[in-house]
Structures are given as structure tokens and as C-alpha cells.
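This report covers one protein chain, shown below as sequence and model. Please keep both in view while reading.

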Amino acid sequence: MFERHEGAAYPSAPPIVREPMALGGLPIPSRFFLAPLAGYTSLAFRLAVRQCGGLGLVTTDLVNARSIVEKRGRAFELAETCPEDRPMSIQLYGHVASEMRQAARWAVEHGASAVDINMGCPVNKVVKSGGGSALMCQADAAVELVASVVGAVEVPVTVKMRLGWDDETLIAPALARALEGAGVAAVIVHGRTRAQGFRGDVSRAGIRAVVEAVERIPIVGNGDIRTIADAAATFRETGCAAISIGRGALSNPFIFRQLAHWAEHGTPGPEATFEERVDLMARHFHALLERRGERLACLQFRKLIKWYTHSIRPPKALSHRLINLASARLFDVTVAEVRAAGPTSPLPGHFEPKVPVPTGPIDKW
Ligand SMILES: Cc1cc2nc3c(=O)[nH]c(=O)nc-3n(C[C@H](O)[C@H](O)[C@H](O)COP(=O)(O)O)c2cc1C
């Protein structure tokens, strides 16, 4: 049942994680997906993480279908991809079928291997426009909307949802079953309700109910997976076909490679070395720089640096310089100094990502 590894015990990997996976006709290299995180899952991050290994499918931040139809630059930025970023899914939100269809066709023309429809986003901006988790409140209309997108594109269409709006309306199993009938290739389930936001525990029993409700499509379990033990428990307790990891990938972008090693050998393999961690940070920054230019790359990177400095443990003065990053030249100079200095304390394995999420009453989000 348990493998021992450098003093730690790991639950055995379920056989399904070694089986090939496909969404519709699209082969997916592993059953470990990167979940969309608006503001973080940029092309630069996806490329940097992919190079660490083990990754299955990636999904973009959510993109407003109407903004694509109206050709807004920000939407195009969010949906940006390239041939090395495959297989990838562009996530759309909206509730107007004609816009969703048009945006989905645009996504496919611009490289998407799959299209994901957001039915989980709890924030007001998205919900008030009738998209995100609001779609779960009008199940028939939501199924019709999804069916029309399925009919508009040749690539697999998936849906990402929560368990329901609140504890009284746990509609995910019935909705997933209806969406299967409408032709979706998979459903990704974050095991919380909209009312929960990001609070409380993920309900694996809730995800299991969705797995049991569908006939053949894969259900992807999501929520609070940070470690091999969390991944094993999600597979075991839900019966899901794959898992998707969001916040845990920010603090540990090597988690996919560790999961892939666990799937094959029963252990996560060696921890990422200091050099690998620094290389990943540098790749991520340079990919941002290439795409966003110096000012935006520095600004965006400041938001991400805390996870890298926590993982790399550079001397305080160098961390401080990275946190207040002022130029690309300074980044390169600082990274050279970080390499020369080495870590100031033992490198952490797993640590809590602490991603800021909205708090307070959910109707104010
Ligand atoms: C900052 C942030 C941004 C998110 N953005 C999206 C998004 O754009 N689309 C989406 O479907 N879910 C989004 N989510 C939800 C995540 O994909 C995921 O369902 C949730 O965080 C639970 O998984 P995790 O514990 O692995 O992060 C977001 C979550 C966070 C914390």
C-alpha cells in the first residue's frame, strides 16, 4: 500500500495513472493537469512548467468570449499560445451562444487543442454577466449553450464546474450527465460550491457523485491537491480519471514531474535541485519578457517572486532585489549572484502556496 522513500511513505499510485489518456480524439500525455488561475497561468508560466515534465493538459486563464468577438487586445493576450504549448485548452466564459461559438472557433483557429467552458467562477463580474457559476443555476440553458459550442468546433469541448451554487443546489452530477449527452469530452470538478468560495474543505464525496453520474466521459478532480498524498486520496476517494492542480503548482511547479515519477515508480523521485529551481525562475521571467516587454514582465514577476524566493532561499538582500524587480538586466545580474551564493537554508519540498483569494461575504466578490 505504501512505498518508502527517503524516510517518507507514499501511497501507491492507482493503476489508472499509468493508462494512456485522451479527450475525445486528443491524446493527453499524463493525467495531471494544470488548472486555470487567472493572473498566473500565462503562456510564460505554462511553458516554464511544461519543461519541468509530467504535465498533461494546460488551460488558459478564463477569457471573456465577448471580448474575443469584439477583438479586445487583453483577451488575445490571455488566449495566447504557441506550438510548444500543446496540448492546451482555451477557457471561455459567457452565456450568449453566438458569442461562445464564435470565440470557440477563434480559439481553434489560434491553436487551441480543446475549448473549456467556465461554469465555476464565483466572482461577481463574471456571475452578474450570466457566465461562470451562474450557468449552474440555469442548467437547461447551460446545456444548450454547451451543445451549440460542441457543434461549432472539431476539437474536444470540456466544462469546468463547481459542485453547485450552494449546499441546497448540488447540481453537478445531473449537469455533468446532461453535458455528457450534449457531447462534452470531459468535466473538471472543483469540489466546492459557489457559496463556499475557497473556504472549507473540498468534498471528494461530491466529486465522486459526479464520477458516478456519468457513463463514460472522464471526470477530472480538482481542489486543494498539493502533495502526492492529496493526489492519491483524490484518485482513491473520487474514482476520477485525472486531476487538475492550480495553486499547488505555483508553490511547486515540479509537482507534475513528481506525480509522473510516482505513477511509474511509486515515489516522487529526487526533489528539484537548487539549479533546477533557479533555471525554472529564469525561464519563466525570460518567457514573460519576450512576450510582455520589460516593464510588464517586471511588474508581473513581482507578484510571483515570493514563491520562487521561498523555494530557492537566496540571501535576503537578493530576495529583496527580486521582489522589487526594476529591470531585466538587474534580474540577470541578481540571478547570477543567487547562483553564486547558493541557498541560505535547506530547500523546502512542499509548502503552502498562499495565493490571495477574495474573502468576506461572497455576494460582495
Ligand atoms: C487566483 C485564482 C484564479 C483562478 N482563476 C480561474 C479561472 O480563470 N478559471 C477557472 O476555471 N478557475 C479558476 N480558478 C479556480 C482554480 O482553477 C481551481 O479550481 C481552484 O483554485 C481549486 O484548485 P486548487 O486548490 O488546485 O487551486 C482560480 C483560482 C484562484 C485561486
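The model is predicted: local features need pLDDT of at least 70, side-chain atom pairs count only at pLDDT 80 or more, and totals for chains, interfaces and linings use all residues. Residue numbers start from 1 along each chain as its sequence is written.

**Whole chain**

The secondary structure comes to 14 helices and 12 strands, where helices (H or I, at least four residues) and strands (E, at least two) are DSSP runs numbered from the N terminus. The chain has a radius of gyration of 20 Å, close to the 21 Å that the globule rule gives for 365 residues, so it is as compact as a globular protein of that length. That radius is taken over C-alpha atoms, and the rule is 2.2 Å times the number of residues to the power 0.38. The C-alpha trace spans about 60 × 50 × 40 Å along its principal axes.

Of the 365 residues, 48% are buried (20 or more other C-beta atoms within 10 Å of the residue's own; exposed means 12 or fewer, partly exposed in between, with C-beta atoms placed from the backbone). Among contacts with a separation of 6 or more, 71% come from residues 24 or more positions apart; a contact needs C-beta atoms, placed from the backbone, within 7 Å.

**Helices α8 and α9**

Helix α8 (residues 204-213) packs against helix α9 (residues 228-238) at an angle of about 50°, with the axes 8 Å apart. Axes are lines fitted to C-alpha atoms, for helices over the stretch in contact, and angles run from 0 to 180 degrees between N-to-C directions. In α8, Arg-204, Ile-207, Arg-208 and Val-211 meet Ala-233, Thr-234, Glu-237 and Thr-238 of α9.

**Backbone details**

Arg-86 and Pro-87 are joined by a cis peptide bond, with omega about -5°. Pro-87 is in the loop between α3 (73-78) and β7 (88-93).

| Residue | Phi | Loop |
|---|---|---|
| Asp-224 | about 60° | between β11 (219-222) and α9 |

Asp-224 counts as partly exposed, with 19 C-beta neighbours inside 10 Å. Arg-313 is also partly exposed, with 18 other C-beta atoms within 10 Å.

Definitions and conventions:
Two residues are in contact if their C-beta atoms, placed from the backbone, lie within 7 Å.
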